[in-house]
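Please give a guided tour of this structure for someone with a viewer open. Say what to select at each stop and what is found there.

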Amino acid sequence: MRHYLFLFSLATPALAETPMNGDEFDAYTRDKTFYFAESGQPYGAEEYLPNRRVRWSFLDGRCKDGKWYEEAGQICFVYEDRPDPQCWSFFDKPAGLIARFEGVTGGTILYETRQSEQPMMCMGPDVGV
């Protein structure tokens, strides 16, 4: 039960607080790799590169390059295979980032499980047999 209370405490305060702006988000994430979870399960990782570029993976070894920008107080991402923006509100909490997907009721809420200064490991295209 304690685990559920912890997750609830991570998600609910973000709803009433002011999200990070683009400069705050850039300063927090630049040159780092973040690992995210949803409801206690690993969700994905994102490497934040210079010039607001990113590299995303669902932790399957495949990575997608993209970029982020601030729009209407949200941090929006576009990727090489998905040009429609995916916009999130990010909150800097004592336990790490909280990210809330915007634009849909009951959107996904992700939380940072760890961060690293090491780049993600990405397989090349069509690796394997």
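**Whole chain.** Start with a cartoon view, keeping in mind that this is a predicted model. The protein has 2 helices and 8 strands, and along the sequence they run α-α-β-β-β-β-β-β-β-β. Colour by relative accessibility next: of the 129 residues, 40% are buried. The exposed surface comes to about 8000 Å², with 53% of it supplied by carbon and sulfur atoms.

In soluble globular proteins, nonpolar side chains tend to be buried together. Select Phe25, Tyr48, Phe77, Phe90 and Leu97, which have the most contacts inside the largest nonpolar core, a set of 18 residues. Helix H2 (22-29), strand S1 (32-38), S3, S5, S6 and S7 are the elements giving two or more residues to this core. Now centre the view on phenylalanine 25. Beyond its neighbours within four places in sequence, phenylalanine 25 is in contact with Met20, Tyr48, Trp68, Ile75, Phe77, Phe90 and Leu97.

**Leucine 110.** Move to strand S8, residues 109-116, and pick leucine 110. Is leucine 110 buried or exposed? Its relative accessibility is 4%, so leucine 110 counts as buried, the cut-off being under 20%. Show its contacts, not counting residues up to four places away in sequence: leucine 110 touches Phe36, Ala37, Glu38, Tyr43, Trp88, Leu97, Ile98 and Ala99.

**The largest pocket.** Rolling a probe the size of a water molecule over the atoms shows where empty space is left. The largest pocket has a volume of about 440 Å³. To find its centre, select Tyr43, Trp56, Phe58, Tyr79 and Arg82, the nearest to that point among 21 lining residues. Which strands each supply at least two residues of this lining? Show strand S2 (41-49), strand S3 (53-57), strand S5 (74-79), strand S6 (82-93) and strand S7 (96-101). S6 gives the most, with 4 residues. Finally, colour the lining of the largest pocket by residue class: 12 are nonpolar, 3 polar and 6 charged.

Definitions and conventions:
Residues are numbered from 1 along each chain as its sequence is written. This is a predicted model: local features need pLDDT of at least 70, side-chain atom pairs count only at pLDDT 80 or more; totals for chains, interfaces and linings use all residues. Side-chain values use heavy atoms; hydrogens and water are left out. Buried means under 20% relative accessible area, exposed over 50%, partly exposed in between (1.4 Å probe, protein chains only). Accessible areas come from the Shrake-Rupley method with a 1.4 Å probe; for residues, only the protein chains shown count as cover. Contact means heavy atoms within 4.5 Å. On a 1 Å grid over the protein atoms alone, a cavity is a set of points where a 1.4 Å probe fits but cannot get out, and a pocket is an open set with protein on both sides within 12 Å along at least five of seven lines; lining residues have an atom within 4 Å of a point. Grid points are joined across faces, edges and corners, and a volume is the space filled by probe spheres set on the points. Ala, Val, Leu, Ile, Met, Phe, Trp, Tyr, Cys and Pro count as nonpolar, Asp, Glu, Lys and Arg as charged, and the others, Gly among them, as polar. A nonpolar core is a set of buried Ala, Val, Leu, Ile, Met, Phe, Trp, Tyr and Cys residues joined through side-chain atoms within 4.5 Å.
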